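Please open the model in your viewer and keep the selection panel at hand. The stops below go from the whole chain to single residues and then to a surface region.

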Amino acid sequence: MIRSWLWLMVRRGLNQRDLCAMHSMLSTVFFTYAFLLCSSLLCCFARDTITFAGSSISNDGGETLVSAGKKFELGFFTPEQSSVYESYVGIWYYRSNPRIVVWVANRDRPLLDDGAGLAVTDDGNLKILDKNGDPFWSTALQSTSKPGNRLAKLLDSGNLVFGDSNTLLTTILWQSFEHPTDTFLSGMKMSGNLKLTSWKSQVDPKEGNFTFQLDGEKNQFVIVNDYIKHWTSGESSDYFSSERLPDGIVYFLSNFTRSVPNSKSSRTTTRSPSNYNNTRIRLDVKGELQYWNFDVYTNWSLQWFEPRDKCTVFNACGNFGSCNLYNMLACRCLPGFEPISQENWRNGDFSGGCIRSAAVCGKNDTFLSLKMMRVGQPDTSFVVEDEKQCRDECLNKCQCRAHSFVKGEVNMRRDRQPSDNICLIWMDDLKDLQEEYSYGGPDLFVRVTIADIESKAKSCEPCGINVIPYPLSTGSDCGDPMYFSFYCDNSTGKLSFKTHNGTYNVTTINQDRRTFVIQEKDVDDCNASTRGQIRKFNTSFSFKTDASKRWCDTVAENFISNVSSQGLVEIDIGWAPPPEPVCSSSSDCDDWPNSTCNVTGNGTARCLCNSNFWWDRMALNCVQVVDGQAGGSSRKKKPLSLIVGVTIASVIVLSSIFLYLCIFMRKKAKRRESQQNTERNAALLYGTEKRVKSLIDAEEFKEEDKKGIDVPFFDLDSILAATDYFSEANKLGRGGFGPVYKGKFPGGQEIAIKRLSSVSGQGLEEFKNEVILIARLQHRNLVRLVGYSIKGDEKILLYEYMPNKSLDSFIFD
């Protein structure tokens, strides 16, 4: 084509020189085009290796390694939305937006400026070097004499492998899969010391507070928060079904080596290893273990996470504290227990747990039956013949906290069943308790005293974790018939409250306040437009709804339940104090001292109090009447309390009278002393005034006469020093008498100094008036005369200094 073009140029008359120049230019264009084409082709095939021979990558030009199948990318990056420049070497999904980072090399030593690189160094290690050549991260292998053979390669699995180039396929000296950060990928195996560590924050890859790893001793996976167990997957020998970790994820974490039975109860289906190539497990900054799956249509989607709620956090309510997702207040102590710190529980901190209200291990011990409970692992287990033997074994050991009986023929978990009857014993404090556990389990029997669960003789048996105090009734054989509005489902341990409106779940009962809480499915009451309004709730006259105790989503600040998300409303209901207990024979009143079974006016037989006794509805017993009034247990208590009260009142009255007299006499003495001082000062002032006036009138006001005046005398030299020789800087003003100066004595005392003007004809008269008048009128609300000075023609008066000026400056200025 070029020759045809040249031939055409010749026919147009171009000479040989022009043709040569044109040929040279075309050749240059051709080779330039060829070079650019080759360069672009090379760019399409990005490399996935780093070698010793100068093939490092730097954080200046944005160069990266890309795996052969373009699944993962390695290079320098700065976390998105980070407010500071900090550079890291990491691996992320190829072209993911936003970038999904799965591994970080120098997570705890970020680079703060450009010029760094990732390279194979002279000692045969893969290192991150800053611009000065200082290492920030290294594979930390032993030095080799042949660094030229070392090779780093990024695989399609996301694994960065490093070793000798000729043996890399068979011998890997170092790999990122053995040093993960917060992400688990297909091909890893969660065993031994391998662990995931969360980021410090969403934009900071530094090590955070949470770690995830396998607890080989107990054969379970755990999340730890600063050395405190945060979540567990449950042990494989867990008779109480532990469904926290799906079988498919267990299979994934074991690198497809763990034998997992196929079960309908499994929430994640076990698939072939190739199905996990587009999945990952990440430990979030908040301690959540998340399972993600990639789909070409939906991109990355979250399939599963734990802990999924507050109750799945390990031991969320502390020892002997039970967690319930369906109650507004998720934590409460088991019957017979109370919070270790009442203040912490009021503030929503339940981690301290509960402690027994009374000691156990005696003839009054019994067991509280709990259904559908999750609990931590037992301390011991053994084969027994029947449930009674298991109960007796626990009852005979004072250290036994609870027991459970597992029948051999019952399939308790998946397809595994014990061949014998098993007795489970808990010797330590009960931990990780949860009510209404979705996956069920054997009944749990907790050791308590009879008084903990049956406060009165006719009290109904507990329903699950709820103690039924008298007079509330769940049947005709317990409680008071007037309060027979409750139903206990013994198979689930759930308590219900029946009204004309329907049946409602009871969440808690407070015997001290005589109230209980029910849940109502009423979404409208949780709307912002209707909140605070309460529709009429129809109950019998024995119960009363508390409209001020109606909650939608008012939960403890740091403890979230599922109540509001389900549109449930919790309502506080109180019950009225009951009348005397019903009876059918005199023996029914044996448990109510000082009462007899008699028929009342409405035909109902009740244990009525004997004469001189009165039914106390609050104490629920007959109390003795003393002096026409209901008394306590003794006639002596009331006189004693009366004597003590009168004595205390008398002491208070007498002390008040004595104190008043002391104050009155003290004030009277002060007034007498003040009057005497006034008279004495008046005589003194009169004598001073008379002497000063006689001296001035006689115009013999000489220096030696100053000893006869009680006003202090100052020598002229000290005044000159205090006023800097009457300098203009210290001059405050001028009056009819003469100028006024500010002076300051060595001790720091400030004074105002009036100096008699030598040219004023009224100076002497003014001086007389000043001395006589001020000597007469010394008062706390008047300017005080400090002293005077006379020497030759100098006549000077010294007053206290007023920094805020006198009152006349505010009145007349």
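**Whole chain**

Of the 813 residues in the protein chain, 42% are buried, where buried means under 20% relative accessible area, exposed over 50%, and partly exposed in between (1.4 Å probe, protein chains only). This is a predicted model, in which local features need pLDDT of at least 70 and side-chain atom pairs count only at pLDDT 80 or more, while totals for chains, interfaces and linings use all residues. Residues are numbered from 1 along each chain as its sequence is written, and side-chain values use heavy atoms, with hydrogens and water left out.

Colour by secondary structure to see 10 helices and 46 strands; these are DSSP runs numbered from the N terminus, with helices being H or I of at least four residues and strands E of at least two. The chain exposes about 45,200 Å², of which carbon and sulfur atoms supply 52%, with areas from the Shrake-Rupley method and a 1.4 Å probe, only the protein chains shown counting as cover for residues.

Select β21 (residues 321-323), β22 (331-333) and β29 (433-434) next. They form an open sheet in the order β22-β21-β29 with mixed pairing, two strands being paired if DSSP finds at least two bridges between them. Because β22 and β29 stand at the edges with a single partner strand each, one side of each is left without a neighbour in the sheet. Two bridges join β21 to β29, and these strands run parallel; to find one of the bridge pairs, pick C323, whose partner in β29 is Q434.

**F314**

Move to the loop between β20 (299-306) and β21, where F314 is placed. This residue is partly exposed, with a relative accessible area of 22%. Leaving aside residues up to four places away in sequence, F314 touches K229, H230, W231, T232 and D432, a contact being heavy atoms within 4.5 Å. The C-alpha atoms of F314 and T232 are separated by 6.6 Å, although the two residues are 82 apart along the chain.

**T181**

A polar atom of its side chain lies 3.4 Å from the backbone oxygen of V102, and its contacts beyond four places in sequence include W103, R107 and L196.

**A surface patch**

Finally, select V653, L654, I657, Y660, L661, F664 and M665, which form a nonpolar patch on the surface with about 750 Å² of accessible area together. One of them, L661, belongs to helix α7 (residues 637-697) and is partly exposed at 47% relative accessibility.

Conventions: A polar contact is a pair of N or O atoms within 3.5 Å; within protein, one must be able to donate a hydrogen and the other to accept it, and residues adjacent in sequence count only if both atoms are side-chain atoms. Patches are made of residues with over 30% relative accessible area and no salt bridge: like charges are joined within 9 Å, nonpolar side chains (Val, Leu, Ile, Met, Phe, Trp, Tyr) within 5 Å. A salt bridge is a side-chain nitrogen of Lys or Arg within 4 Å of a carboxyl oxygen of Asp or Glu.
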